[in-house]
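Hi,

Here is the structure I said I would pass on.

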Amino acid sequence: MAQSNDIILTGIRPTGSLHIGHMVGALIPNIEIQNAGGYKKMYAMIADAQGLTDNFDNPERVRENVMEVALDMLATGYNPEKTTIFIQSEISELTELTFYYMNLVTIARLQRNPTVKTEIAQKEKFNGGVPVGFFTYPISQAADITAFGANIVPVGDDQLPMLEQAAEIVHKFNSIYGDTLIMPRAVVPKTKSAARLPGIDGNAKMGKSLNNGIYLKDSADEIAAKVKSMYTDPNHIRVEDPGNTTENPVFIYLSVFARPEHFAAFLPEYRDYNELAAHYERGGLGDVKVKKFLNAVMQETLRPIRERREALARDPASVMEILRRGTMDARAAAADTLARVKRAMKLNYFD
Ligand code: TRP
């Protein structure tokens with residue numbers, strides 16, 4: 001439960017439209033925090049400048065995806081009355097903070113950052129060399145977090161090294177220049193709805209480049225075709241064979257999305273997930289039947305989101321207006337932090 005002086009910041013890179021993995025891993029947990037209330041302020045940043053650090057040669061992609069991500073967020077339940085949604089690159093104070101924080105971080109420390117390390121190892125496109133902007137994005141992320149005075153940062157566990165590095169920067173800044181920045185704390189949502197979803201092909205990760213995701217903007221037909229093609233248990237050959245549910249994406253999705261109402265409406269022979277999974281494990285339950293049910297569940301889950309998304313997409317100007325207002329609000333907070341940072345660093349000549 002949030003405290004009355006909590007400032008909560010979430011961030012997402014706009015490098016593609018969002019899939020059900022983002023939805024359960026980030027969007028829904030953040031919306032639950034938003035709707036529970038009790039905090040002082042909640043921000044949601046669309047991190048386009050960070051998105052450019054590994055897409056600098058594809059500015060159209062980043063720009064288009066700012067709108068795609070905004071549509072996904074609003075359609076899923078981000079409420080601009082409760083959450084200040086804003087665009088990172090429109091807040092130039094963030095780059096100025098980044099520049100001063102750069103003095104507080106060594107090259108060796110950045111090289112040890114596990115997230116940066118894995119990302120560099122994954123990216124064939126960095127064969128030509130790692131851009132300084134990408135290498136230093138943990139410093140810019142520390143600016144994102146401290147600019148708004150966030151003490152709570154909900155993240156997936158891949159982001160924990162970023163938060164650790166931000167905390168080190170805050171500690172070092174405050175010890176050199178005096179108590180100025182708020183110490184941030186990572187919060188990893190632990191609810192069942194925050195499960196990490198595998199791809200429809202059984203790959204542990206769902207992702208655009210893997211072409212194995214179900215997207216919030218997918219049509220009903222696309223969803224049906226994807227569910228039909230899903231990987232299941234390769235050893236479950238005949239209906240009578242006992243099946244595996246734990247490494248089976250069809251069952252993993254059902255465990256996250258299927259609610260008792262879905263069983264009542266579409267598969268009344270079973271009361272809940274546990275009964276269905278037990279039958280599959282025993283043997284005697286075919287994949288076609290389970291996939292038909294999963295399709296019904298996914299259609300019910302995604303239809304209202306898709307319909308809201310389509311309605312919002314018909315009025316992009318009003319979405320931009322939401323982002324513009326959020327950005328103005330966020331900019332005021334960042335300007336205040338930057339002024340305090342510069343004062344602490346004795347960079348206030350004309351005060
Ligand atoms: N690095 C995050 C991601 O890849 C996005 C992000 C940028 C972020 N700035 C942030 C997350 C600040 C939390 C706080 O998804």
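Let's start with a helix pair: L94, L97, T98 and Y101 in α4 meet I139, S140, A142, A143, D144, T146 and A147 in α8. Contact here means heavy atoms within 4.5 Å. By type, the residues of this contact split into seven nonpolar, three polar and one charged. (Ala, Val, Leu, Ile, Met, Phe, Trp, Tyr, Cys and Pro count as nonpolar, Asp, Glu, Lys and Arg as charged, and the others, Gly among them, as polar.)

Before going on, some housekeeping. This is a predicted model, where local features need pLDDT of at least 70 and side-chain atom pairs count only at pLDDT 80 or more, while totals for chains, interfaces and linings use all residues. Residues are numbered from 1 along each chain as its sequence is written, and side-chain values use heavy atoms, with hydrogens and water left out. Helices (H or I, at least four residues) and strands (E, at least two) are DSSP runs, numbered from the N terminus.

Back to that pair. Helix α4 (residues 93-101) packs on helix α8 (residues 137-147) at an angle of about 120°, and their axes are 8 Å apart. (Axes are lines fitted to C-alpha atoms, for helices over the stretch in contact, and angles run from 0 to 180 degrees between N-to-C directions.) That makes α4 oblique to α8; angles under 35 degrees count as roughly parallel, over 145 as roughly antiparallel, 65 to 115 as roughly perpendicular and the rest as oblique.

The other pair is α1 (residues 20-36) with α11 (residues 249-257): their axes come within 12 Å and cross at roughly 40°. So α1 and α11 are oblique to each other. I20, M23 and V24 of α1 make the contact with Y253, V256 and F257 of α11. Those residues are six nonpolar, no polar and no charged.

Next, α3. Of its 18 residues, 13 are buried, so α3 is largely enclosed by the rest of the structure. (Buried means under 20% relative accessible area, exposed over 50%, partly exposed in between, with a 1.4 Å probe and protein chains only.) After α3 comes G77, with a positive phi near 140°.

Finally, a loop residue. M183 lies between α9 (160-177) and β5 (185-187) and is partly exposed, at 41% relative accessible area. M183 is 13 residues from V170 in sequence, yet their C-alpha atoms are 6.2 Å apart.

Cheers
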